[in-house]
Amino acid sequence: MALLLFIPITGVLLNGYDFAFNWQRPFGLAGLVFVVFFIFSVLKEKWPVGLHVTFNFTKIDTLFWVFVPIFVLALPFFLNKYWLNVAILALIYVLLGLGLNIVVGLAGLLDLGFVAFYAVGAYSYALGHLYLDLNFWAAIPFGALLAALFGMVLGFPVLRLHGDYLAIVTLGFGEIIRLVLNNWGQFTGGPNGLQTPFPTFFGLEFSRQAREGEILFHHYFNLAYSPIHRYLFIYLVLLLVVAGMVFFVGRLKKMPLGRSWEALRQDEIACRSLGINHVTVKLSAFAMGAMVGGMGGVFFAASQGFVNPASFTFFESALILAIVVLGGMGSIRGVISAALALTILPELLRDFADFRVLIFGLAMVGMMVWRPKGLLNSRRRFFSLEST
């Protein structure tokens, strides 16, 4: 919040009839606010003696939520183009894992066709630019809302389904979306796919040569042209969106809607007997999860510059589900850790790429045997009574 306030106040300076940008001052002030707030939160006085509802935070939690954000914020400035592209893909899978975690981890609805919402988000950017002249910034909310609408459309037919039957229907839905994109060539481009424009920074393009009436990013800031500028910009924007989604999903878990999802996962009959409307709860879970997945699709299309149906196969749904299961059902930390591991490790072990599916299967079986709740299972609140 401090960064959002300081950028227009101290970062944008008038220079005659033009604007000049000073990024050091707002980032420095935001960093100072972060440090002061962190020290205050650590040294603040305890609440009065009584009954409290709290989390059993450990030193690992402190290290995870404090040092990991600092690490991922500084990491892209030390990566080359290839590994920066891998980091962008890892953050996209974090978004997809957070979306499926709402449906599977919190609401307990087994969805094997989550890649459909991923495809809807990606094609909403490509088709929106082609037919509606949408830019990258307008495509993010457009893709999220369109994917949420598709999530509700999927939710209505499966309200009475559970378990394996629900998984089969969602699997069919994902294949239907892929086949429609592949066969409706006049509208979607078919197997040839569609080109997607790269994002712009306040109207500044990241290309090598400017189009008529456009200004290039490296010309405006007097820099040498490098394609890494575009990937760095996408990474930072995506990191901001992922951080917002982590906070958003974390707050949802504590709200009545999140409690309703967990109640529905535990026992639907008991949930309905308590007066909870299972229809709206299921539809909200599908819509929220699809919304996050649609945003991931928009960033995938923006980073690749091209989309086609071959990128949205069933293996993608299986990979996203593996992220949720291996990380821990309902655990945000687990989803982040598993998404980073399952995205970066295959790049480090490219010699074993032919055995990737086998390794995923063995990892899933091993998790079910030794850690059925995942690597970092979800922490639940507990009551603690302080004594004088």
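Arg230 touches Phe198 and Phe206, leaving aside residues up to four places away in sequence; contact here means heavy atoms within 4.5 Å. This is a predicted model, where local features need pLDDT of at least 70 and side-chain atom pairs count only at pLDDT 80 or more, while totals for chains, interfaces and linings use all residues. Residues are numbered from 1 along each chain as its sequence is written, and side-chain values use heavy atoms, with hydrogens and water left out.

Back to Arg230, which lies in helix α10. Helices here are DSSP runs (H or I, at least four residues), numbered from the N terminus. Arg230 is buried, at a relative accessible area of 8%. On that scale, buried is under 20% relative accessible area, exposed is over 50%, and partly exposed is in between (1.4 Å probe, protein chains only).

What does the charged end of Arg230 sit over? One ring is that of Phe198, with the charged end 3.7 Å from its centre. Arg230 also lies over the face of Tyr231, at 4.9 Å from the ring centre. The test for a charge over a ring is NZ of Lys or CZ of Arg within 6 Å of the ring centre and within 35 degrees of the ring normal.

Now for ring-on-ring pairs. Rings of Phe, Tyr and Trp (its six-membered ring) pair if their centres lie within 6.5 Å; planes under 30 degrees apart are stacked, over 60 edge-to-face, and the rest tilted. By this rule there are 13 aromatic pairs, including these two:

| Pair | Centre to centre | Angle between planes | Class |
|---|---|---|---|
| Phe117 and Phe173 | 5.9 Å | 40 degrees | tilted |
| Phe136 and Trp137 | 5.1 Å | 70 degrees | edge-to-face |

Phe117 is in helix α5 (residues 115-132) and Phe173 in helix α7 (residues 163-183), so their pair ties together parts that are 56 residues apart in sequence. Phe117 and Phe173 are both buried. In the other pair, Phe136 is buried at a relative accessible area of 4%, whereas Trp137 is partly exposed at 39%. Ring pairs also link Phe136 and Trp137 with Tyr125, Phe233 and Phe299 into a cluster.

Next, how α10 packs. Helix α10 (residues 228-254) and helix α13 (residues 278-304) have axes that come within 11 Å and cross at roughly 175 degrees. Axes are lines fitted to C-alpha atoms, for helices over the stretch in contact, and angles run from 0 to 180 degrees between N-to-C directions. That makes α10 roughly antiparallel to α13, a label for angles over 145 degrees, with roughly perpendicular covering 65 to 115. Among the residues making this contact are Tyr231, Ile234 and Val237 of α10 and Met288, Met291 and Phe299 of α13. By class, the contact has 14 nonpolar, one polar and no charged residues. Nonpolar covers Ala, Val, Leu, Ile, Met, Phe, Trp, Tyr, Cys and Pro; charged covers Asp, Glu, Lys and Arg; the others, Gly among them, are polar.

The axes of α10 and helix α11 (residues 256-266) come within 4 Å and cross at roughly 70 degrees, which makes α10 roughly perpendicular to α11. Contributors include Leu252 and Lys253 of α10, plus Pro256, Arg259 and Trp261 of α11. This contact of α10 with α11 has four nonpolar, one polar and four charged residues.

Asp133 sits in the loop between α5 and α6 (136-155) and counts as exposed at 61% relative accessibility.

Notes
Helix = DSSP H or I, 4+ residues; strand = E, 2+ residues; numbered from the N terminus. Parallel < 35°, antiparallel > 145°, perpendicular 65-115°, else oblique.
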